[in-house]
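Here are my notes on this model, point by point. Please read them with the structure open.

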Amino acid sequence: VRSAAPSVMVVYGPLAGDSALNKTDDGSGAAVRLSPPIPFGGQRFDSYFSSTNGLVSFGAPHSSPDSGAVFSRLPKDTRIAALIWTDLDVTRGGDIFHRVVADGSGLRRLATAIEFAGGAAVTARFTPQAALVYTVVNATIALAAEGSPARCTGQLVILWSDAEAAIFLRYSQVFLSPGQPARAGYHAHGASFSEIPVSGLTSWKWVDHGVFSLTVDQTPPKE
C-alpha cells in the first residue's frame, strides 16, 4: 500500500460513457460483463456489480452496509473492492457512476492519469487490457444528521491484464459521521481484507485528495 501526491479524479459521468446507479438505499446494479475476465484473488470473473455502499463486487452482488465482520457471510466465490465501504444513502443526495474501459486510447489516457498521480511503479509491472472506473460523487453518509457535511467523493480504478490486477483509490473528500466506520481496500481470501492505513477507523474524518494503490493478491484460494 502506498500513498501518492494530491491528484484530481479521472473524467467521469455520462459524457465519459458512465452508467449511473439507481438512487436506492443499500442497492446493487445489474451484472456488467468484463472482457477479458479480471483475475482477482486467484480466480477469474467475467462480470462485476456496483453497490450504492461504496464498493464493487465480483461473483455476486453485495450491497450490505456492514463493513465489519461480514466476510463469513460472503459466498465463497465473491470478491470485493471497496472505495469507502460504509452506509451511504444516495436517496438523500449524491451520485454513483461506473464504466468499463477496454479500448486502447481510453486505457492509455487512464494509465497516464494514474502514473501522474504516483502510480507509475504499479502500472509499469504490466500492460493493462481493461479497466473499471467506479466514482462516488458527494454521496450522503446514512447516519448524517440533516445539514451535516458527512459526505464522500472519490474514485476506485482497477486495471488488469490476464494475470495481474491493480487497484487505485482516489479521494477528493471523505467526512464520516461520528462513530461510523468505513473500510477501503479489497477482500480476496477468507476473512482477510487488505486495506489502506486510515481504513476501518471511526476517526477517519477529512481525507482530502489522497491517492492509494494496491496490487491484488493472486494466490489461489484454499479448498
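1. Is tyrosine 12 buried, partly exposed or exposed? Its relative accessible area is 31%, so tyrosine 12 is partly exposed. Keep in mind that this is a predicted model.

2. Now the overall make-up. The chain has 13 strands and 1 helix. In sequence order the pattern is β-β-β-β-β-β-β-α-β-β-β-β-β-β. The chain has 223 residues, and 53% of them count as buried. It exposes about 9,400 Å², of which carbon and sulfur atoms supply 55%.

3. Next, contacts along the chain. Take the contacts with a separation of 6 or more: 70% of them come from residues 24 or more positions apart.

4. The aromatic residues deserve a look. The structure holds 4 aromatic pairs. One of them joins tyrosine 12 and phenylalanine 97: the ring centres are 6.0 Å apart and the planes stand at 35°, so this pair is tilted. Tyrosine 12 sits in the loop between strand E1 (2–3) and strand E2 (19–20). Phenylalanine 97 belongs to strand E7 (residues 95–101), so the pair ties together parts that lie 85 residues apart in sequence. The two partners can be set side by side: phenylalanine 97 counts as buried at 11% relative accessibility, whereas tyrosine 12 is partly exposed. The cut-off for buried is under 20%.

5. A second pair is formed by phenylalanine 40 and phenylalanine 58. Their ring centres are 5.0 Å apart and their planes are at 35°, so this pair is tilted. Phenylalanine 40 lies in strand E3 (residues 32–40) and phenylalanine 58 in strand E5 (residues 55–58), so the pair ties together parts 18 residues apart in sequence. Phenylalanine 40 is buried, with a relative accessible area of 0%. Phenylalanine 58 is buried too, with a value of 0%.

6. An open sheet is formed by 6 strands in the order E3-E4-E5-E6-E11-E12, with antiparallel pairing. E3 and strand E12 (194–195) are the edge strands, and each pairs on one side only. Phenylalanine 40 therefore lies in an edge strand, E3.

7. Inside that order, look at E5, the strand that holds phenylalanine 58. E5 pairs with strand E6 (residues 79–85) in the antiparallel sense over 4 bridges. Serine 57 stands opposite isoleucine 80 in E6.

Terms used. Residues numbered from 1 in each chain as written. Predicted model: local features only at pLDDT ≥ 70, side-chain atom pairs only at ≥ 80, totals over all residues. Heavy atoms only, no water. Helix = DSSP H or I, 4+ residues; strand = E, 2+ residues; numbered from the N terminus. Buried < 20%, exposed > 50% of the residue type's maximum accessible area, 1.4 Å probe, protein only. Contact = heavy atoms within 4.5 Å. Areas by Shrake-Rupley, 256 points an atom, 1.4 Å probe, with all protein chains shown as cover. Phe/Tyr/Trp six-rings, centres within 6.5 Å; stacked < 30°, edge-to-face > 60°. Pairing = 2+ DSSP bridges.
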